[in-house]
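Colleague: Could you take me through this model, with the criteria behind each term that you use?

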Amino acid sequence: MAVFDIVHYGDPILRKKCGSFTDFSRIEKLKVDLFDSMYEAEGIGLAANQIGLDLNLFIVDISNLEDGDEPHVFINSEIVKKHGEKGIYQEGCLSLPGISLDILRPEKVVLKYQSEDEEWHEEEFDGLLGRAIQHEMDHLKGVFIVDRVSEVERIQYNTELKELEKNSKKRLKSQSNKMGFVL
Ligand SMILES: [Zn+2]
């Protein structure tokens, strides 16, 4: 078991469009790491770049909130279509601790993705799962919930955002200092 630190706002990896996942021999271990890290942080969804990995891979587990739902793993995902009525729902984000915002999103999403056995699927999702998928897909494209609200709403969180940015820079700097001593 490996629990990774969640990468916060201000780290450049969260602004990247994540690359394809190709080495399926790694999926079993990666999946466990992602779930362990997400459960430790008490989230219901986690994208690979939120633990510093530039990979098109995310997980969702809403089984605590919706009976019968199981943990999901989505690989090399692409949104085919978003449709249905748009609704507002309050979203938080593990990479933006202390911030939650009312986010407007379409009700349904059609996702093309690979499962762990490399099979391709095209499936429609709605409800909380559909919303979580849209949130995680945003991460894989470098988009945060703060990008999905108006300037007026975002400004309320300016102090928090600046603080997160500062801490991420500090963290990256101490990491690169550490790496300087690896021979
Ligand atoms: Zn998030």
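Colleague: Which protein atoms are the donors of the zinc ion?
Modeller: This is a predicted model, in which local features need pLDDT of at least 70 and side-chain atom pairs count only at pLDDT 80 or more, while totals for chains, interfaces and linings use all residues. Residues are numbered from 1 along each chain as its sequence is written, and side-chain values use heavy atoms, with hydrogens and water left out. Donors are N, O and S atoms within 2.8 Å of the metal (3.2 Å for Na, K and Ca), and because water is not among the atoms, sites may look incomplete. Lying 2.0 to 2.3 Å from the zinc ion, the protein donors are C93 (SG), H135 (NE2) and H139 (NE2).

Colleague: Is H139 buried or exposed?
Modeller: Buried means under 20% relative accessible area, exposed over 50%, and partly exposed in between (1.4 Å probe, protein chains only). H135 has a relative accessible area of 9% and is therefore buried. With a relative accessible area of 1%, H139 is likewise buried.

Colleague: Which element gives the largest share of the lining of the largest pocket?
Modeller: A pocket is, on a 1 Å grid over the protein atoms alone, an open set of points where a 1.4 Å probe fits, with protein on both sides within 12 Å along at least five of seven lines, and lining residues have an atom within 4 Å of a point. About 330 Å³ of space lies in the largest pocket, where grid points are joined across faces, edges and corners and the volume is the space filled by probe spheres set on the points. Of the 19 lining residues, the closest to its centre are I44, E91, G92, C93 and H135. The elements that give two or more residues to this lining are β3 (72–92) and α2, and the largest share, 6 residues, comes from α2.

Colleague: Why is the pair of F74 and Y113 edge-to-face?
Modeller: Rings of Phe, Tyr and Trp (its six-membered ring) pair if their centres lie within 6.5 Å, and planes under 30 degrees apart count as stacked, over 60 as edge-to-face and the rest as tilted. The structure holds 7 aromatic pairs, and in the pair of F74 and Y113 the centres are 4.9 Å apart. The pair links distant parts of the chain, with F74 in strand β3 and Y113 in strand β4 (residues 100–114), 39 residues apart. The pair is edge-to-face because the planes of its rings stand at 75°.

Colleague: Which residues form one aromatic cluster?
Modeller: F74 is buried, with a relative accessible area of 1%, and Y113 is buried as well, at 8%. The residues that form one aromatic cluster are F58, F74, Y113 and F125.

Colleague: What is the phi of E42, and where does E42 lie?
Modeller: E42 lies in the loop between α1 (27–41) and β1 (45–47), and this residue is exposed, with a relative accessible area of 72%. Although E42 is not a glycine, its phi is positive, at about 60°.

Terms used
Helices (H or I, at least four residues) and strands (E, at least two) are DSSP runs, numbered from the N terminus.
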